[in-house]
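Trainee: I am new to this one. Where do I start?
Mentor: Look at the picture, then ask.

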Amino acid sequence: MSNESSILTRMRTAVCGLLLVGTAFAGAANAAEKVRVRLDYLPYGMHAPFYYALEKGWFAEKGLEVEMDDGNGGGPAIALVAGQKYDIAYASLGSMAIARDKGMPVKAIAAVARKGDFGVVADPSRGINTPRDLEGKSVLYSSGSFETPFIDVYLKRAGVDKSKVKLISVDLAAKVSTYMAGKADAMMTTIPLYTMKGVSPRDSIGLPYSAVGINVPSFGLVTHENTIETRPKMLADFVGVFQKSWLAIYRGGEVEPAVAALLKNRPNSKLDPAVMKAQVESFYPYLNTDASKGKPLLWMPPSDWVDGIAVLEELK
């Protein structure tokens, strides 16, 4: 593969573009705009910052009329932004990098979970406490999930004999329920949401990919290159409000009113406030990396992208 088509080359361009956006933000003129946002999935705790900002009127203060639609996965959300059906997607930034390598004109503009949150969720009562304990066990995965392409690299780095692991492919919509029903020993997925003590239906531990050096930024905001060029102030205002909401929750302890805003705006979803609160708090350890300590929330350290891109290149 030539350097011109590599993820590393493409993502270096994306980082440079992002820095230029920061410059453009400062001098953009005020304008009220409609903004269409595609979320990753059906409502859950990590959507609370969006709805809290909406409920507090912070988007409106910036002249933004924000419409948020549920999603059916981060990949489809990114594709919709690439097709300019939506202005912003909330999705895995690793998926964004892969989509960009495939030619989609998308870029990351903010990182929420800057530390990789994906890996193996396992039941310790089944004798799983380390990656090597996966040998002889059943592990669920879904072909369309972001973490799936990393399975071979993870098992190799962790010293696990893949031939001794019973990998079972299941539909993404059925993976979690199948695991929670006790029909497998472990699953490849996002760790925080399914290892919440006293909240998750099945007591589980997390074996993060990051423990073996697979460090790829997790959830964040993605937009189209054209939107960066033509609507910089809208993006600056949106990211600024989203950051304000996260600061209020994470630093200001306003997680409960944020969850209340989520429930108020999504009354038909029948969300459990205790579970939603636990989901938000479960991501606190993933909001920062060593490179981002002392830096503003949502800011993306270039060094974290270099590490993540190196891992993505290994998949080639």
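**Pocket and helix contacts**

Mentor: Helix 7 gives the largest share of the lining of the largest pocket, six residues. Helices (DSSP H or I, at least four residues) and strands (E, at least two) are runs numbered from the N terminus. The model is predicted: local features need pLDDT of at least 70, side-chain atom pairs 80 or more, while totals for chains, interfaces and linings use all residues. Residue numbers run from 1 along each chain as its sequence is written, and side-chain values use heavy atoms, without hydrogens or water.

Trainee: How much space lies in the largest pocket?
Mentor: Rolling a probe the size of a water molecule over the atoms shows where empty space is left. Here the largest pocket holds about 1300 Å³. It has 49 lining residues, and Tyr 41, Gly 73, Leu 172, Thr 190 and Tyr 194 are the closest to its centre. A pocket is an open set of points on a 1 Å grid over the protein atoms alone, where a 1.4 Å probe fits, with protein on both sides within 12 Å along at least five of seven lines; lining residues have an atom within 4 Å of a point. Volume is the space filled by probe spheres set on the points, which are joined across faces, edges and corners.

Trainee: Which elements give two or more residues to the lining?
Mentor: Helix 4 (74-82), helix 5 (93-101), helix 7 (172-180), strand 8 (186-190) and helix 11 (273-282). By class, the lining has 27 nonpolar, 16 polar and six charged residues. Ala, Val, Leu, Ile, Met, Phe, Trp, Tyr, Cys and Pro count as nonpolar, Asp, Glu, Lys and Arg as charged, the others as polar.

Trainee: At what angle do helix 2 and helix 9 pack?
Mentor: About 105°, with the axes of helix 2 (48-56) and helix 9 (232-250) 9 Å apart. Axes are lines fitted to C-alpha atoms over the stretch in contact, with angles from 0 to 180 degrees between N-to-C directions. Helix 2 and helix 9 are therefore roughly perpendicular (65 to 115 degrees). Their contact (heavy atoms within 4.5 Å) includes Phe 50 and Tyr 52 of helix 2, and Phe 238 and Trp 246 of helix 9. It has ten nonpolar, one polar and no charged residues.

Conventions. Angles under 35 degrees count as roughly parallel, over 145 as roughly antiparallel, 65 to 115 as roughly perpendicular and the rest as oblique.
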